[in-house]
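Hi everyone, thanks for coming.

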Amino acid sequence: MPDNSQAPSDNQKLAAEIREAMVILAKVIRKFGDAPWPLMERFQRELKALEDREALLESLLDKAPESTSKGPDLSDFG
């Protein structure tokens, strides 16, 4: 099985897409005014939530004891 630890997760990909959208929106705001600012705030909240989730996963997986590093058999969950 290939080692995918270096591949970006779905959350990381989505965070990058949100950052890109925020840059575009920042240009729109600079050019046309603050009317779309609530959308920027929404992007900011969504990005923070994604980063927090990713950080939580990283911290939990990095601290897992060696004996449980493989995790539970996920087939037990359905």
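Let me start with a term: partly exposed means a relative accessible area between the cut-offs for buried, under 20%, and exposed, over 50%. Asp52, at 40%, is therefore partly exposed. And please keep in mind that this is a predicted model.

Who is the partner of Asp52? Asp52 forms a salt bridge with Lys48, with the closest N and O atoms 3.1 Å apart. Both residues sit in helix H2, four residues apart, or about one turn of the helix. Lys48 is partly exposed too, at 48% relative accessibility.

How many salt bridges are there in total? The count is three. Another one joins Arg42 and Glu46, where the closest N and O atoms are 3.0 Å apart. This pair also lies in helix H2, with a spacing of four residues. Arg42 has a relative accessible area of 42%, and Glu46 comes in at 31%.

Then we have Arg19 and Glu51, whose side chains meet at 2.8 Å, N to O. That pair links distant parts of the chain, with Arg19 in helix H1 and Glu51 in helix H2, 32 residues apart. Arg19 is partly exposed at 39%, and Glu51 is partly exposed at 36%.

Now for Glu54, which is also in helix H2. Is Glu54 buried or exposed? Glu54 is buried, yet has no salt bridge. The nearest side chain of opposite charge belongs to Arg53, 8.0 Å away. Leaving aside residues up to four places away in sequence, Glu54 touches Ser9, Asn11 and Gln12.

Thanks, everyone!

Key: Residues numbered from 1 in each chain as written. Predicted model: local features only at pLDDT ≥ 70, side-chain atom pairs only at ≥ 80, totals over all residues. Heavy atoms only, no water. Helix = DSSP H or I, 4+ residues; strand = E, 2+ residues; numbered from the N terminus. Buried < 20%, exposed > 50% of the residue type's maximum accessible area, 1.4 Å probe, protein only. Lys, Arg positive; Asp, Glu negative; His and termini not counted. Salt bridge = Lys/Arg side-chain N within 4 Å of Asp/Glu carboxyl O. Contact = heavy atoms within 4.5 Å.
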